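This report goes through selected features of the structure shown below. It begins with the chain interface and then turns to individual elements and residues.

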2 protein chains.
Amino acid sequence: MSLVVIGSVAYDAIETPHGKRERALGGSCTYIALSASYFAKPSIVAVVGDDFATEDRQLLESKGVDLQGLETVPGKTFFWSGVYSADMNDRKTLQTDLNVFADFNPKLPAAYAQLPYLFLGNIQPTLQLGAQRQMPGLRFVGGDTMNYWINLNKAELVETISHWDFLLINDSEARMIAGESNLLKAAQKILGLGPNTLVIKRGEYGAMLFRKDTLFMVPGYLLEDVFDPTGAGDCFAGGFVGYLAERGFDLRNGKFDVTELHRAVIYGSVMGSFCCEEFGVERFRTLTRREIDQRFDEFRRFTTF
Amino acid sequence: MSLVVIGSVAYDAIETPHGKRERALGGSCTYIALSASYFAKPSIVAVVGDDFATEDRQLLESKGVDLQGLETVPGKTFFWSGVYSADMNDRKTLQTDLNVFADFNPKLPAAYAQLPYLFLGNIQPTLQLGAQRQMPGLRFVGGDTMNYWINLNKAELVETISHWDFLLINDSEARMIAGESNLLKAAQKILGLGPNTLVIKRGEYGAMLFRKDTLFMVPGYLLEDVFDPTGAGDCFAGGFVGYLAERGFDLRNGKFDVTELHRAVIYGSVMGSFCCEEFGVERFRTLTRREIDQRFDEFRRFTTF
């Protein structure tokens, strides 16, 4: 099944205790699409500058990512740089140059309009809604946001997520949106805003999925070496929505198996864990579906009692 | 089955965002024994001053706790006071008066010598080992420690835990003992020190059980209101070892089901979660085994995929 992913394509300068990279392919759309590509065909909508490298385009193409919606405009690609703390639980942004991304307003290729799945990466909420309105045949739609929009565009964000099936955020964002520090109460408040499904990522501590009548929790996968956590949350998103697209998950017809949502959280966790094993998107150069399914099985073994 | 629990019996002054208590029954031995009492018969070894209240003794007796090993000596009972941060993830100790606990050197009643299970609460490591040596018929023994002993008595601690089946500590203690920040590597190092089983508590983020050949993980139970986290880790310990005592778990005969250890971690998590629902030990005045088993079933529902 095809899946539209909207967000940033960027170059990142990253420093972790394991080393540094001066200019690595990054951006939410990149990570989500690469991760989802193991399950479904991602069609991306993003913008890059004329400095975007041919080999980066080729990496995406080699994973079957549809690049019709990747616009190239004069100027520089979005650039971000950050440095991680010794335990990698904190990171400091050193530089954010929006460059061509500053004027990003997603315009979907006609070929994308009838696709069934949409993941809206973290961009201004009104732009997210505008993109969604270009896809009238959606079966399952949702996305991400960040503290910046929660602070500055709360009303627009609330309007946008009221049209979503799922919201996929981290725990501090959930607390901010709800204005409530208790996660269970925060989740109930957020479900009251419209999405029928809320997924809360907690980094190394795992993830949770809330619906009005169910709760699902998974601990984090323990890695022997975390090389670089950049993009792990986006890879979680790619695994989550990619798996559901693969399964043809359709919330709208009233016949769906909630266990598929739980498995999607596991696949999200699996993809997030692989992402951390090498710098940037490097792990996806060698990762196979077989490894992914093996780690899914490990999750089952590690949590069965 | 009977279970010996050694540790502190104390009075606590506690302040959380939900209120305060000036003098609440506390101490590791108290929490562990109350929690374990739902599964097995705890026999405690501890010391109190002549200020120890009759009603507190009666609470323990009402739960079937054997108090033969609770020594009363002239002076005051161990007193601790602390205040929790707004999100309750941090606490500051305001006062620690060891009082009669300063000279505690566990001497077991003869009736305890042949009991099969022993949990050594957090006291000086050499005293822990001395207590263990008074019980020649043990089937399963282990305990807890804290940063203070890891810093000051590392050699004695390493000697003591080399005689244990299990070590039950939190994640920062595990990192300190191993001198290794990665939990997976830290766990392997600790298993190399002697215990065949390592349980790492992560508070609201759940718990993990490591053995040479297996890993088990459980997310934390989400509570709508955390009133007071004091004693939650000790209640985890009580549920863990209490359940195994109830099942007659016997690691030494070579025939044991590792799944029982996983279920013990779930019961530990269940007991820790109940502990937080009211101040101090209050929740145990009303808690029933039926509620405990219901929450165990909830854990299964919340983690199945």
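How much area is buried between chain A and chain B? About 3,000 Å² is buried between the two chains, in a model that is predicted.

## The interface between chains A and B

Carbon and sulfur atoms give 64% of the area buried between chain A and chain B. In terms of contacts, 32 residues of chain A meet 32 residues of chain B. On the chain A side, Met217(A), Leu222(A) and Phe305(A) supply 30% of the area that this chain buries against chain B, more than any other three residues.

Strand S9 of chain A covers residues 140-143. Phe140(A) and Gly142(A) point one way from S9(A), while Val141(A) and Gly143(A) point the other way. All four of these residues are buried.

S9(A) is joined to strand S8 (residues 117-120) of chain A by 4 bridges, and the two run parallel. Within this pairing, Val141(A) of S9(A) stands opposite Leu118(A).

## Asp171 of chain A

Asp171(A) belongs to helix H6 of chain A, which spans residues 171-178. Its relative accessibility is 15%, so Asp171(A) counts as buried, the cut-off being under 20%.

Leaving aside residues up to four places away in sequence, Asp171(A) touches Leu183(A), Ile200(A), Lys201(A) and Arg202(A). The C-alpha atom of Asp171(A) is separated by 9.0 Å from that of Gly203(A), which is 32 residues away along the chain.

## Two residues with positive phi in chain A

Most residues other than glycine have a negative phi. Met88(A), which is not a glycine, has a positive phi of about 65 degrees. Met88(A) sits in the loop between strand S6 (78-84) and strand S7 (91-97) of chain A. The relative accessible area of Met88(A) is 14%, and this residue is buried.

Asn99(A) is also not a glycine and has a positive phi of about 50 degrees. Asn99(A) is found in the loop between S7 and S8 of chain A. With a relative accessible area of 31%, Asn99(A) is partly exposed.

## Helix H9 of chain B

Helix H9 of chain B runs over residues 258-275 and has 18 residues. The distance from its first C-alpha to its last is 26 Å, close to the 26 Å expected at 1.5 Å a residue. Of the 18 residues of H9(B), 15 are buried, so the helix is largely enclosed by the rest of the structure.

Which residue caps the N-terminal end of H9(B)? The cap is Asp257(B), with a side-chain oxygen 2.9 Å from the backbone nitrogen of Thr259(B).

## Ser37 of chain B

Ser37(B) is located in the loop between helix H1 (28-36) and strand S4 (41-49) of chain B. Is Ser37(B) buried or exposed? Ser37(B) counts as buried because its relative accessibility is 15%, and buried means under 20%.

The side chain of Ser37(B) reaches the backbone oxygen of Leu34(B) at 2.6 Å. Apart from residues up to four places away in sequence, Ser37(B) touches Pro42(B), Lys63(B) and Val65(B).

Technical notes. Residues numbered from 1 in each chain as written. Chains lettered and ligands numbered in written order. Predicted model: local features only at pLDDT ≥ 70, side-chain atom pairs only at ≥ 80, totals over all residues. Heavy atoms only, no water. Expected span 1.5 Å × (residues − 1). Buried < 20%, exposed > 50% of the residue type's maximum accessible area, 1.4 Å probe, protein only. Polar contact = N/O pair within 3.5 Å; in protein donor to acceptor, adjacent residues only side chain to side chain. Pairing = 2+ DSSP bridges. Contact = heavy atoms within 4.5 Å. Buried area = accessible area lost by both parts, 1.4 Å probe.
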